[in-house]
Amino acid sequence: MTATIDTRSQGTSPYDADAGLAGIGTPPASHLDSAPVSRSSAPSSLLGGGVGASRTGTRRGVITVTGPVGPRYSEILTPDALAFLALLHDRFDAARDELIAQRQLRRQDIADGSDPDFRASTRPVRDDPHWRVAGSRHAPGLEDRRVEITGPTDPKMTINALNSGARCWLADAEDASSPTWPNVVEGQLALHDAIRGTLSFTNEAGKEYTLRSADIVDLPTIVFRPRGWHLDEAHLRYTDANGITSSALGSLVDFGLYIFHNAAELIARGRGPYFYLPKLEGYKEARLWNEVFEVAQDALGIPRGTIRATVLIETLPAAFEMEEILYELRDHCAGLNAGRWDYLFSVIKCFRTRGDSYVLPDRAQVTMTAPFMRAYTELLVATCHKRGAHAIGGMSAFIPDRRNPEVTRQAFQQVAGDKKREAGDGFDGTWVAHPDLIPVAEAEFDAVLGDAPNQVSRQLPDVAVGQHELLDVASARRAGATVTSAGLRSNVSVAVRYIDAWLRGTGAAALDNLMEDAATAEISRSQVWQWIASGTVTDDDQLLVTRERVEAILLDVVATLPHDRGNRIDDAAAIFRAVALEDDFPAFLTSPAYQGYLVGSPVDRP
Ligand SMILES: CC(=O)SCCNC(=O)CCNC(=O)[C@H](O)C(C)(C)COP(=O)(O)OP(=O)(O)OC[C@H]1O[C@@H](n2cnc3c(N)ncnc32)[C@H](O)[C@@H]1OP(=O)(O)O
Ligand SMILES: O=CC(=O)O
Ligand SMILES: [Mg+2]
């Protein structure tokens, strides 16, 4: 993206001068923020004015399709849908760039030694006891979210998820998705058809898949997760009113196409346009989403407050702004989710240059009972319930193997323990990665919730989590967790195999009996980067983690992997080198991998 960013006017702490939280102490339903979205600026002429010019003659931007067009793509990429995307980009493209720049400044601050903390400037939001979020009120299908299955939106997974018996389905265009052009557009087609009850699929062996009901109220409630703010969509070009052209934004494309095509249908069928919002780093990003929602609802003629969003708290900076995030989205917010894998990634990213005391042990040894992780989830539940929001738990990575009873037994045991802890801690629901895990998670939540749809009314006034508890990452190693040579090798191997799968169009994979996705792969590569940068010594053999050592492991791993036709092991290894072994630390591995390796590759064509 090319927008000019005036970082001087924002400063490194732009929140202090912020007037956006001025509504504190007044009734929560009113829109008192200074945010520049008003009904008068809403695009009433959107669908009548044609792309490029409004009825009043004001120039507007244009979205152009540059990706190849497959069967039925025209049903998604309609002129009106593209005009809607152009409207969203006109309003929010530059604001997105500013927020990405602010993320970088903040991360640099942390790298330079300034610890994240709760903001003094937003204390009034936290201290005001009166406001509440919309929650599940007037949001049919979101009252009881005790088990949510997650997964990508290809037709088979869509049908399997909707037939799974879970309460909700997180339809994922984020961590579980490789954002190939077919995955993006055909995923929208699958959702479009599923919502209308017409989706079917036949696999290569001739097995037919159909929805168990054509009526979506009989199926898990769909909660769609668009891509995060950081990802571009290279197959749609946005040309702004000044003729400047750039890639479209993945988040606005995913969100925009989904709500444009499905909001009215969802509402008519007794559901609503529901979203998960990933990878936010602060409340200003929540505010941006809220503005997107308002503009979208106005443009589509849907009452404001119809959308519901569940925000993933999966970055360290966002953990210090949970309440502010809820506040910004209060008219649209259903809850928060503890996105534990990206959270760990964010912890590593933020502290990667801060030396040995910020080094985490092997990924497998950082469990949810590590004090700093427990502090994060306790704060999340307490914050949600204080504000009438659902607290949704995270993903245990253990997955069953239908061909291996022992692996399945262990997965069930691990998942049961994880869900028991979450339900006991006050979470209102949780995620599972695989349909066979639904009864396991359900049993643990049933035991706590009984017939109640949730436990939002359970207040947790005794939770006392402050800056120290959230930042005490050293607690994991103090408690005996270690960095091992096996952990190092596993990080290299998992990252390379996952990136290979991602380059072949698969965004979630079962590797070594664990669910791996973009978030877990980010942990693997960033741990390696941090261990090298921190001069970490593996505890079992007392050897330094160096680039040369990792390079030798990488060559060994690559030699053991099949180099069949279609595999992209060498490309995966090249990406791994770029994101784990260079001096620079790309904020996300998917950004260079997308631009340099995925776009234009064989799987990127219909
Ligand atoms: C950090 C985070 O963000 S977590 C959220 C993002 N991650 C995810 O959503 C991961 C979701 N899970 C998955 O993608 C898959 O479970 C995987 C890739 C981990 C494993 O998938 P597979 O190797 O196909 O598992 P397996 O062979 O046991 O599947 C058995 C059946 O269950 C289906 N299935 C497995 N997981 C899912 C799922 N999440 N949703 C729907 N159906 C599923 C499979 O499609 C398969 O169906 P079939 O018999 O009709 O072919
Ligand atoms: O998105 C979820 C996570 O754990 O990351
Ligand atoms: Mg995540």
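User: How many strands form the open sheet, and in what order?
Analyst: In this predicted model, three strands form an open sheet in the order E1-E7-E8, with antiparallel pairing. Strands (E, at least two residues) and helices (H or I, at least four) are DSSP runs numbered from the N terminus, and two strands pair if DSSP finds at least two bridges between them.

User: Which are the edge strands?
Analyst: Strand E1 (62-65) and strand E8 (245-249), each pairing on one side only.

User: How many bridges join E1 to E7?
Analyst: Four, with E7 covering residues 232-239. Ile63 stands opposite Tyr238 in E7.

User: What lies across E7 and E8?
Analyst: Helix H7 (residues 250-268), at about 55° to E8. Axes are lines fitted to C-alpha atoms, for helices over the stretch in contact, and angles run from 0 to 180 degrees between N-to-C directions.

User: Different topic. At what angle do H17 and H19 cross?
Analyst: The axes of H17 (residues 485-503) and H19 (residues 547-560) cross at roughly 50° and come within 10 Å.

User: Which residues meet there?
Analyst: Leu488, Arg489, Val492, Ser493 and Val496 in H17 meet Val550, Ile553, Leu554, Val557 and Val558 in H19. Contact requires C-beta atoms, placed from the backbone, within 7 Å.

User: How are residues numbered, and what limits apply to the predicted model?
Analyst: Residues count from 1 along each chain as its sequence is written, while chains are lettered from A and ligands numbered from 1 in the order in which they are written. Local features need pLDDT of at least 70 and side-chain atom pairs count only at pLDDT 80 or more, but totals for chains, interfaces and linings use all residues.

Definitions and conventions:
Contact = placed C-beta atoms within 7 Å.
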